[in-house]
Amino acid sequence: MGSQGSLGRESLLLLTVLVSAMVLTPTLAIHVYTDREVHGRVGSKVTLSCTFWSREWISDDISVTWHFQPEYSRDSISIFHYAKGQPYIDDIGTFKDRISWIGDPGWKDGSIVIHNLDYTDNGTFTCDVKNPPDIVGKSSQVTLYVFENVPVRYGVVLGAVIGGVLAVVLIVLVIAYLLRYCWLRRQATLQRRLSAMEKGRLRLGKDSSKRVRQTPVLYAMLDHSRLTKSASEKKSKGLGDSRKDRK
């Protein structure tokens, strides 16, 4: 009984260790990325991009698979498969001779190109990647819309509107800056002219004041010369009279 009890305890301990290892060990998961939707025009080609991320080194056993689910259908079909370094393209279905492999697993790329688009290509395409031992993960889906003429996307229209508004604002700012620059330049020119006129007036005022001051001086000098002349004449006349009287 003792040996059976110890055996039971060892079995329970081993089971606990296994469960703990399963719970604590992180689960490897591969992440696949595609566009949400792409648009194409009838008769043209479109690229279905598929990239992935894996924490493991790229294995020789890596595989890439594309599935297609037509619009208004619940069934999906495999249209492309890559394995062992070789692409395998559907050669009997609706995509016969219309799919090209442009991916490179070494660069984590599993993209394909669909040529000569038709309305029957409308639907959902699923990209699934496996990189053993990293095989757990969720595939990614992209919806293809085929039109006669590719419609302009809302984001493109919004970007064009925003760009136009910014361009108008920029033009208005440039015009305002040029107008302000011209106005300031004209004000500076007028200010210089006014300063020059003020300086001219001051000079004229100084010259006129000098002339006004010089006129009385000239008159005084003339009066003084006249007085001196008359005094000299009187003196000479007086001397002449005295000489006559002596005789």
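A disulfide is here a pair of cysteine sulfur atoms within 2.5 Å. The model is predicted: local features need pLDDT of at least 70, side-chain atom pairs count only at pLDDT 80 or more, and totals for chains, interfaces and linings use all residues. Residues are numbered from 1 along each chain as its sequence is written, and side-chain values use heavy atoms, with hydrogens and water left out.

**View 1. The disulfide of C50 and C127.** One disulfide is found when the whole structure is searched. The sulfur atoms of C50 and C127 are 2.0 Å apart. The link is left-handed, with -75° about the S-S bond. C50 belongs to strand β4 (residues 50–53) and C127 to strand β10 (residues 123–130), so the bond ties together parts 77 residues apart in sequence. Strands (E, at least two residues) and helices (H or I, at least four) are DSSP runs, numbered from the N terminus.

**View 2. Accessibility of the cysteines C50, C127 and C182.** Buried means under 20% relative accessible area, exposed over 50%, and partly exposed in between (1.4 Å probe, protein chains only). C50 has 0% relative accessibility and counts as buried; C127, also at 0%, is buried. C182 is partly exposed, with a relative accessible area of 48%.

**View 3. A surface patch of positive charge.** The patch gathers R185, R186, R192 and R193. The place of an Arg charge is taken as CZ. R192 lies in helix α2 (residues 154–246) and is exposed, with a relative accessible area of 55%.

Key
Patch = residues over 30% accessible without salt bridge, like charges linked within 9 Å, V, L, I, M, F, W, Y side chains within 5 Å. Areas by Shrake-Rupley, 256 points an atom, 1.4 Å probe, with all protein chains shown as cover. Salt bridge = Lys/Arg side-chain N within 4 Å of Asp/Glu carboxyl O. Lys, Arg positive; Asp, Glu negative; His and termini not counted.
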